Amino acid sequence: MLYREAGDYKTSYPADSQTFPIAFDRYRYWVVLAVAFLVIPFFVNDYIVNALLLPFLIYSIAAIGLNILTGYAGQVSLGTGGFMAVGAYACYKLMTAFPDVNILIHVVLAGGVTAAVGTAFGLPSLRIKGFYLAVATLAAQFFLVWLFNKVAWFYNYSASGQISAPERTVLGIAVTGPNTPAWASYLVCLVFVTICALIARNLTRGAMGRQWMAIRDMDIAAEIIGVNPLKAKLTAFAVSSFFVGVSGALFFAVYLGAVEVGEAFGINKSFLVLFMIIIGGLGSIFGAFAGAAFLVTLPVFLKLIGVDLLGWPTDLVAHLQLVVVGLLIMFFLVKEPHGLAHLWRLAKEKLRLWPFPH
Amino acid sequence: MSADFLYGIEVVINGLMAGVMYALVALGFVLIFKASGIFNFAQGVMALFAALTLVGIMEGQVPFAHLINATFGTEIHHFGWHVPALLAIFLTVGVMVVFAWAVQRFLFRHLVGQEPIILFMATIGLAYFLEGVGDLMWGSDIKTLALGLPQGGARWLEDATAGLGGEDFYGFFIDKLDIVATGVAIVLVAGLIAFSQYTKHGRAMRAVADDHQAALSVGISLNFIWILVWSLAGFVALVAGIMWGAKSGVQFSLSLIALKALPVLMLGGFTSIPGAIVGGLIIGVGEKLFEFLIGPMVGGATENWFAYVLALLFLVFRPQGLFGEKIIERV
Amino acid sequence: MKMKTLTTLALTSALTAGMAAADLVIPDLSYRTGPYAAGGTPFSDGYQDYFNLLNARDGGIGGEEVRIVECETGYNTEKGVECYEATKNEGALIYQPLSTGITYQLIPKATADEIPIHTMGYGRTSAANGEVFNWVFNYPANYWDAASVMVNYLLDENDGDLEGKTIALLFHNSAYGKEPIRTLEALSEDHGFEFTQIAVDHPGQEQKSQWLQIRRERPDYVLMWGWGVMNQVAIQEAANIGFPMENFIGNWWAGAEHDVTPAGPAADGYLSLNMNRVGDLPVFGEIESMVHEAGNAAGDGSNMGSVLYTRGMYAAMLAAEAIAKAQEIHSVSDITPAMMRDGMEALEITDARMNELGMAQIGPEFSVSCENHGGSGLGIVQQWNASEGSWTALTDYIAPEDALIDSLIIEDSTAFAAENNITPGCL
């Protein structure tokens with residue numbers, strides 16, 4: 001009834017090619033943004049921010065980044081953890097070397113450093129394809145973690161080998177360090193998520209995104225119609241790594257505040273982010289959010305039900321969590337094999353016809 | 001001969017042995033990938049689950065004891081009997097066959113004809129599920145695998161070769177468990193090859209691996225073949241679980257051995273059994289030699305990443321892996 | 001409590017636990033799942049059982065019931081953060097984070113929230129300097145003490161002379177594993193032994209290269225900073241190459257029953273450090289009759305008396321004593337986290353008190369002060385007897401070289417203070 005394009009006339013090209021062509025989508029988008037920016041910050045507490053919102057937002061950025069590489073450009077990567085570590089350590093080095101520069105600039109610069117590293121590790125993609133490419137990114141994963149652990153310069157020669165984020169402020173309000181108010185860290189991450197999603201959405205709709213998708217669908221054919229595979233693949237690696245680097249920097253500076261590379265950015269992180277985009281839906285920005293939400297909030301939700309509500313032993317709940325998450329993944333697949341994003345698309349199709357399906 | 005040179009040889013021998021251990025894990029991946037195009041992420045967890053089941057059956061543990069006790073307030077842990085090792089192995093294989101059937105019946109039957117990435121995703125779900133069930137069923141403590149496998153260095157070899165390289169050479173060291181593992185691997189691979197070459201089901205299996213549609217059209221039951229392949233992979237997982245578990249005890253970390261198999265797979269090709277073996281050997285020797293020669297200069301603990309760099313070097317020259325099927329690309 | 005209630009309400013739109021506000025809340029961030037479950041389960045069992053015993057026997061501490069809030073971390077930092085945020089508003093008195101990663105996480109957070117942390121023989125070593133780390137306590141001993149105790153033990157074995165000996169450190173290649181390196185380097189200069197480092201990458205299932213290297217270089221002693229599966233494999237490999245077990249010493253996180261049992265009889269004679277004695281303590285009988293038989297056991301009751309169970313119970317005892325101290329100082333029974341901190345800072349553990357509690361000699365005597373949050377740093381060396389399946393203490397409590405450790409702690413903690421703009425001082 002509300003959700004349909006009928007009667008929504010476009011009179012100019014810009015209007016026709018806008019991000020959300022359906023009016024209802026547009027309103028929904030603005031409402032979501034308004035709620036996220038203007039309502040939620042007043043209602044959050046430490047628990048909701050630190051246990052749910054921050055990991056959700058930060059993993060969303062990482063998932064968007066990986067989705068650009070894997071979902072849009074078709075290059076499998078298992079180096080996400082390693083690239084997040086680059087972002088985190090770059091941010092740490094910048095924070096401690098230039099304490100007077102705004103932290104937000106450091107986060108962006110950390111993304112830039114990661115983009116450079118990611119591009120270098122993307123070079124083998126010109127020769128190696130498919131699952132086999134994962135080896136190049138896995139080499140990056142293990143090598144980078146080893147490097148950050150081994151070379152003391154990266155952690156400023158501290159005896160513990162851990163890096164911890166000193167307090168930095170934006171407009172006089174702490175955004176890193178222990179004295180950060182919950183809403184401030186939430187808003188910082190939200191700003192980055194919004195900007196990243198916006199950039200990603202528009203990149204994937206533009207010429208660059210089309211080149212990536214051409215390469216993904218069949219790289220030889222793409223080459224024949226004039227897509228430069230070198231440029232397309234390396235830009236995908238660069239852009240993807242930039243996002244992953246930003247998420248790594250936020251993960252370290254805003255969310256955890258102190259990390260050790262092997263524990264925080266190990267191979268498990270790479271798998272986790274990959275699972276997020278597969279479960280959410282490859283080649284979809286919404287899918288990145290859905291996957292991150294699924295894998296971040298579901299375990300917490302199950303824990304709250306099991307431990308706080310039903311009073312079961314915590315270890316049983318933790319095991320059942322795994323069982324339930326596994327079963328849900330398999331169930332969704334059997335019912336809808338293309339990820340949560342496709343479910344969302346189907347729902348929208350249905351909604352267009354509602355309440356008169358014929 | 002100088003002692004250093006002999007130690008180099010010792011490192012190579014031990015690298016080969018380690019390679020066999022990696023290959024054991026990689027075999028399970030290859031079996032499933034070849035027959036059904038599924039990259040089975042759950043293979044490592046299957047090794048853990050199989051080993052847990054074996055110990056659980058041998059010790060007469062009550063499955064899901066913790067869950068039952070927490071729900072009903074009972075205090076049961078053990079049946080009070082001990083099952084002999086051989087019988088327990090048979091029973092465990094039975095459990096893995098049932099598991100293979102269930103996976104086929106409830107999961108992959110509904111996903112026939114889907115893209116590889118979706119099948120891969122299904123195995124992610126399977127891995128989560130199995131990890132949770134394994135711990136629920138048998139508990140998360142470290143279990144000792146009392147199969148009576150020989151352990152320790154082969155002293156006779158040490159004594160026989162000591163002094164070859166002068167005072168500083170203490171003789172070659174080989175772990176007896178590794179010798180057993182090598183023997184098992186040889187038997188396993190020979191058995192698998194014989195099975196796939198000379199038996200009816202083996203030939204059917206190869207036909208399915210070549211072309212699903214063609215195999216269906218000559219009357220081969222895909223369903224049966226896939227159950228067979230998953231059962232075989234379950235058996236290989238059990239063997240890998242036993243060999244690795246003998247060293248460390250049966251515990252959660254056993255599921256991480258899959259990480260050791262990844263570079264092997266990529267190097268050897270996902271579709272080749274000999275590839276898994278040769279890949280394992282190359283990775284084993286390569287990483288051990290690098291650690292021996294270069295490791296001390298850069299601070300050691302290089303093995304994890306060097307295995308991947310080595311695989312990467314090979315792949316740059318042969319993008320389909322050493323023994324993988326040649327990639328033919330057409331528009 | 002309000003925040004948590006809100007969350008639970010928001011997310012499950014149902015029941016909140018109606019708890020009495022006057023409880024002494026002790027969160028237990030346990031890890032009974034994941035790769036390190038075998039170590040986390042007995043510790044948590046011991047920790048909870050002791051508080052349950054206090055509730056059953058004395059009606060709590062100073063007339064206040066103890067309420068344990070267990071939260072499963074799986075040794076994962078992110079889950080640890082979730083657990084911390086979920087429990088801190090319930091009035092948590094003390095955190096025992098039980099993981100290096102979570103500890104580093106919580107040090108700044110808990111300091112800002114003013115809740116004390118007790119990291120018992122793990123975590124950040126330089127937190128022993130209480131003037132910089134007002135809210136962090138790591139008594140009775142830390143990793144640098146452990147390294148020094150090991151060397152002192154070896155000095156003792158070699159009639160005070162380690163000149164020309166080689167000592168290798170086999171360590172988990174992580175922040176935790178690298179902890180003792182600085183201390184051992186300093187000690188090797190002082191005592192003239194040769195010190196080599198051998199790193200094992202996580203998780204440590206494959207250590208062939210490392211043990212071949214040990215076999216080639218034949219160090220006189222191997223010290224181990226291991227964790228998880230690395231311990232079991234290292235002990236098995238040591239047996240394989242025929243390394244004399246009595247020259248192989250693990251630290252106190254590499255010296256529990258489950259570390260040695262997978263290797264079977266081959267592990268006989270393996271040495272490890274411990275910060276608490278194990279053995280048949282009278283308190284176990286009370287726990288058995290008043291907690292386990294009443295059906296309140298935290299686990300399945302099978303871990304009682306094991307190394308890590310005893311350590312968990314010891315940790316609970318130290319916390320309970322600190323609570324009692326805080327109640328005494330502030331003469332209220334329902335204490336706040338800030339009072340708890342005062343209690344910890346004034347804590348004094350004497351042999352007489354340990355006897356009274358039915359845990360004679362479980363730990364060394366020590367006292368805490370504002371300047372020293374690290375306790376005495378004493379440790380014992382224990383040996384595994386495979387045929388009996390038990391650990392026997394080889395030595396009495398050995399003291400570390402305080403002068404050296406203290407200077408290292410001052411160096412590291414002042415660097416931390418400078419980086420984080422902290423002016424050292426007592427609260």
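Predicted model: local features only at pLDDT ≥ 70, side-chain atom pairs only at ≥ 80, totals over all residues.
Reader: What radius of gyration does chain B have, next to that of a compact globule?

Author: Along its principal axes, the C-alpha trace of chain B spans about 65 × 65 × 40 Å. Of the 331 residues in chain B, 54% are buried. A compact globule with 331 residues would have a radius of gyration near 20 Å, and the value for chain B agrees with this, at 21 Å.

Reader: Let's pick out one helix. Is α12(B) mostly covered or mostly uncovered?

Author: Helix α12 of chain B takes in residues 273-293, and its reach from first C-alpha to last is 30 Å, close to the 30 Å expected at 1.5 Å a residue. A residue counts as buried when 20 or more other C-beta atoms lie within 10 Å of its own. By that cut-off 17 of the 21 residues of α12(B) are buried, and the helix is mostly covered.

Reader: Over to chain A. How are α7(A) and α10(A) oriented to each other?

Author: The two helices are residues 182-205 and residues 229-256 of chain A, and their axes come within 11 Å. Those axes cross at roughly 175 degrees, and angles over 145 count as roughly antiparallel. So α7(A) and α10(A) are roughly antiparallel.

Reader: Which classes of residue make the contact of α7(A) with α10(A)?

Author: On the α7(A) side the residues include A:F192 and A:L203, and on the α10(A) side they include A:F243 and A:L250. By class, the contact has no charged residues, one polar and ten nonpolar.

Reader: Is A:F243 buried or exposed?

Author: A:F243 has its place in helix α10 of chain A. Leaving aside neighbours within four places in sequence, its contacts include A:I61, A:I64 and A:C196. With 31 other C-beta atoms within 10 Å, A:F243 is buried.

Reader: Last one: how many residues does chain A give to its contact with chain C, and how many does chain C give?

Author: Among the elements of chain A that each supply at least two residues are α3 (46-72) and α14 (314-335). The residues on the chain A side divide into five charged, 13 polar and 17 nonpolar. In total the contact takes 35 residues from chain A and 41 residues from chain C.

Technical notes
Residues numbered from 1 in each chain as written. Chains lettered and ligands numbered in written order. Contact = placed C-beta atoms within 7 Å. Helix = DSSP H or I, 4+ residues; strand = E, 2+ residues; numbered from the N terminus. Nonpolar A, V, L, I, M, F, W, Y, C, P; charged D, E, K, R; others polar. Axes fitted to C-alpha atoms, helices over the stretch in contact; angles between N-to-C directions. Parallel < 35°, antiparallel > 145°, perpendicular 65-115°, else oblique. Buried ≥ 20, exposed ≤ 12 C-beta atoms within 10 Å, placed from the backbone. Expected span 1.5 Å × (residues − 1). Rg over C-alpha atoms; globule rule 2.2 N^0.38 Å.
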